[in-house]
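User: I'm new to this one. Could you take me through the barrel and the helices packed around it?

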Amino acid sequence: MPLIPYALTRPFLFGLDPEQAHELTLGSIARLQNTPAQLLWCGERVSDPVTVAGLRFPNRVGLAAGLDKNGRCIDGLGAMGFGFIEVGTVTPKGQPGNDKPRMFRLPEARALINRLGFNNEGLQSFITNVKQAHSFRRAGGILGLNIGKNAATPIDNAADDYLLGLEGVHPHADYITVNISSPNTKNLRALQSDEALDALLGALQARKQQLDSHSGRRVPMFVKIAPDLEEDQVTVIARTLQANGIDGVIATNTTIARDKVQGLAHAGETGGLSGAPVFEASNRVIRLLRAALPAGYPIIGVGGVMSGEDARAKIAAGADLVQIYTGLIYQGPGLVSECAKALARR
């Protein structure tokens, strides 16, 4: 268990601007990871190994992309007990993201709204950080690297950015995630449409096969989709993923819907809503995917996991693995082992 209970830390962090608290936390973890001070937040890693997409995960609980966009804190975050960590989204060139303020708490709903816009230091800095991480992977942790496109790149040229990202991260990833579902990069979600998705995934898969062959190492590729999809859209995506040999799907990203938070402070802010309000929408997409995909096709469920019971509900909906992010902000590091214990097969 962490030396300092999160219940003592949270009031201080929630007294700060959300993005300031985020940067303070990540900066502290980056400085103190792999030192004795890591005991301040580290937790038990539950042993519940499972093989998904050819990878052996120590347990079924992972960190969703977006928390550590630059891959600075892989070892420190891994010490919380995660079986896998996903970092990014990284874009080929560094970019500042959208104007501040761009992150908002909705405590009554246990939710966040963000419109960060893929703010990150760029591919080269990201790779340098990833290469410096060592203790998490040495202990068997699985590392996913999440790629996206620069805001300045026209949507018609999006594949160029994704190919650059794929080529850059391939040597360093246990798996790669293609993020086409953030609501905070203009027109990005248009890549989820039938023809656009087929063209993008076809180009990425062809290049990945070349990279796999050259390296002698097969790196699975996942696609992360939105919760704001109609049933027929999910069906088309499921068919397109299979047709292009994609290894799995992550469901889901944040939502643009506001029906669960109407009337709350900041509910009208633009951006992606995460946390408890997206739980059911995410589960709906997971169920649709499970019905549309062959048995055993990997699904990672993410969205609104605030307890071990929530994690079990993701698995019951059809997910093979579970990721958390906003739950970590509200519940603290203890949520990781709580979820892992809830999912552990006895």
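Analyst: Let's start with terms: helices (H or I, at least four residues) and strands (E, at least two) are DSSP runs, numbered from the N terminus, and two strands pair if DSSP finds at least two bridges between them. This is a predicted model, where local features need pLDDT of at least 70, side-chain atom pairs count only at pLDDT 80 or more, and totals for chains, interfaces and linings use all residues. Residues are numbered from 1 along each chain as its sequence is written, and side-chain values use heavy atoms, leaving out hydrogens and water.

Now the barrel: eight strands close up in the order β3-β4-β9-β10-β11-β12-β14-β15, with parallel pairing. On average, neighbouring strands here are turned by 25° against each other, direction ignored; axes are lines fitted to C-alpha atoms, for helices over the stretch in contact, and angles run from 0 to 180 degrees between N-to-C directions. Take β9 (residues 142-147) and β10 (residues 175-179): they share four bridges in the parallel sense, and Ile147 sits opposite Val178 in β10.

Helix α6 (residues 158-169) packs on this sheet, touching β4 (84-90), β9 and β10, its direction at about 155° to that of β9. Contact means heavy atoms within 4.5 Å.

Next to consider is α4 (residues 123-132), whose axis comes within 10 Å of that of α6 and crosses it at roughly 25°. The two helices are therefore roughly parallel, a label for angles under 35 degrees.

Conventions
Parallel < 35°, antiparallel > 145°, perpendicular 65-115°, else oblique.
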